[in-house]
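Biologist: Can you walk me through this one? I'd like to start with a pocket, then look at some helices and side chains.

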Amino acid sequence: SMPARSRSRCPSSTPSAAPESSADVKAYIADSAYGLQCEDQQGKARWQLRFFEELVASKKVLIFGEVHGANELTPISLGILEGLFADKHVDAFAAEVPMDFADAYAAYVKTGNYDSLKTYYLDTISPRDFRRGVPERLRELSQQGVEIPFVAVDVPWRLAWVTAALDDIAKTITDPTVAKLLTEDRPAAKEYGDTIDSAYVTKAAAFEAQVEGGETALCGALAAERCERAVYLARALWLSAFLQSPDYNNATTADLDAWKAKRESLIFHNFKRALGAYPRLYAHMGAAHAKKKEGWVAYELETSADSPVKGAVVSTMPVYGPGSEVSYGGAKVPLHPYPPIVADALLPLPGTSYVVAAAQPNQACVNNPLSHGHVAMVGGAGRLYDAFVFVDKLTPQEAPTSFPGLIDPPETLGGPQKRAYSRTMLRRLQAMNSMKDAR
């Protein structure tokens with residue numbers, strides 16, 4: 001790949017105009033790109049992270065956005081994480097995995113016992129899937145004496161985990177009437193794989209409303225952080241129940257939009273909570289969550305008055321060359337380069353992976369065409385992300401256990417969960433093919 005270059009920020013407050021012609025834009029991108037790997041004198045590949053080190057120098061959160069189902073992105077993300085952690089640019093790693101995974105991950109990293117990962121069927125997915133690849137690498141690093149704290153931020157799978165967490169908070173409340181807000185009329189504990197019906201979802205929604213309605217009383221009996229945690233655990237119970245039920249299959253677009261909004265609010269809460277313990281986070285998320293657009297967690301972290309890292313968030317989006325494919329629900333899904341001009345500019349260069357700024361001016365104080373240029377030419381993603389991570393070609397992950405058919409779910413899922421899985425895969429497939437989330 002290209003050699004590392006020293007980088008200095010443009011000192012001018014009024015950079016010159018961005019290039020406009022296609023040829024000039026491509027030249028700008030190629031000249032501004034940084035190779036992510038190079039060979040040392042022994043011929044061994046080394047990560048070049050100067051770009052990311054300077055990108056996060058005055059920031060608190062870096063979100064690496066990925067397209068799910070590709071082989072190439074998890075190793076790149078882990079390479080960036082390890083380098084930034086070793087140089088003390090980040091304190092912990094957060095990921096788009098269910099909240100309840102954290103305990104299983106910790107048990108595996110500490111003991112090497114794979115049973116904790118099998119609880120969530122992670123042995124049935126590719127080692128290049130970040131849900132499996134991350135704990136396996138963290139285990140290797142732990143054996144080398146490097147301990148990277150892990151944070152799980154997404155909707156939990158095990159409802160029993162949620163109810164147990166609510167019970168733990170309720171036990172600390174001395175007023176029994178207030179404590180009952182977290183335990184009374186609550187849906188029964190359910191393990192992952194148990195059937196969740198519509199009646200359960202209705203009860204979970206009523207319980208969430210009960211907790212939210214009693215928030216003033218709860219906050220009078222609990223410290224502010226634990227009170228907020230209780231409210232969001234009640235929300236997590238409904239989010240998880242809805243996702244695993246037939247209601248998800250029958251949901252309208254408005255229903256799904258409401259579910260998504262609550263999901264992002266839960267992820268935002270989990271980020272805030274993690275930042276209380278770890279002031280600087282590196283996060284691996286789907287590219288949509290990394291988008292600085294209203295309704296997504298990167299935007300809320302960057303702009304919300306309630307965010308502990310307001311104005312201190314950077315995010316990346318993957319860009320890939322033609323012929324790229326990912327694996328979704330057992331299918332190989334073709335992807336089209338977006339924005340295509342980035343792929344056109346970087347494909348002729350040596351090496352396979354690069355990072356290029358999406359917004360900031362270059363060293364010569366020329367405005368970046370990816371955020372200041374014509375949308376028709378460069379797309380709109382340059383206005384939503386801080387950098388693009390380019391890979392010349394994405395290839396689909398292959399799971400140890402093959403899943404037959406286009407959207408057939410794993411056989412470990414039963415009843416309503418199979419239908420919810422299939423519905424989820426179809427919608428995600430449609431979203432990827434239209435590139436709605438990236439634009």
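This is a predicted model: local features need pLDDT of at least 70, side-chain atom pairs count only at pLDDT 80 or more; totals for chains, interfaces and linings use all residues.

Biologist: OK, how do the residues lining the second largest pocket divide into nonpolar, polar and charged?

Modeller: That lining has 15 nonpolar residues, one polar and four charged. A pocket here is an open set of points on a 1 Å grid over the protein atoms alone, where a 1.4 Å probe fits, with protein on both sides within 12 Å along at least five of seven lines; lining residues have an atom within 4 Å of a point.

Biologist: And which residues lie nearest its centre?

Modeller: Ala102, Phe150, Val151, Ala152 and Tyr278, out of 20 lining residues. The space in this pocket is about 430 Å³, a volume being what is filled by probe spheres set on the points, with grid points joined across faces, edges and corners.

Biologist: Which helix gives the most to that lining?

Modeller: H4, with five residues. Helices (H or I, at least four residues) and strands (E, at least two) are DSSP runs, numbered from the N terminus. H4 covers 101–111, and strand E6 (150–154) and helix H13 (253–277) also supply at least two residues each.

Biologist: Switching topic: at what angle do H4 and H6 cross?

Modeller: Roughly 35°, with the axes coming within 8 Å. Axes are lines fitted to C-alpha atoms, for helices over the stretch in contact, and angles run from 0 to 180 degrees between N-to-C directions.

Biologist: What about Ile169, buried or exposed?

Modeller: Buried, because its relative accessibility is 4%. The cut-offs are under 20% relative accessible area for buried, over 50% for exposed and partly exposed in between (1.4 Å probe, protein chains only). Ile169 sits in helix H7 (residues 159–170) and touches residues including Leu182, Leu222 and Arg229, leaving aside those up to four places away in sequence.

Biologist: And why does Arg235 count as buried?

Modeller: Because its relative accessibility is 14%. Arg235 belongs to helix H11 (residues 224–243).

Methods
Residues are numbered from 1 along each chain as its sequence is written. Side-chain values use heavy atoms; hydrogens and water are left out. Ala, Val, Leu, Ile, Met, Phe, Trp, Tyr, Cys and Pro count as nonpolar, Asp, Glu, Lys and Arg as charged, and the others, Gly among them, as polar. Contact means heavy atoms within 4.5 Å.
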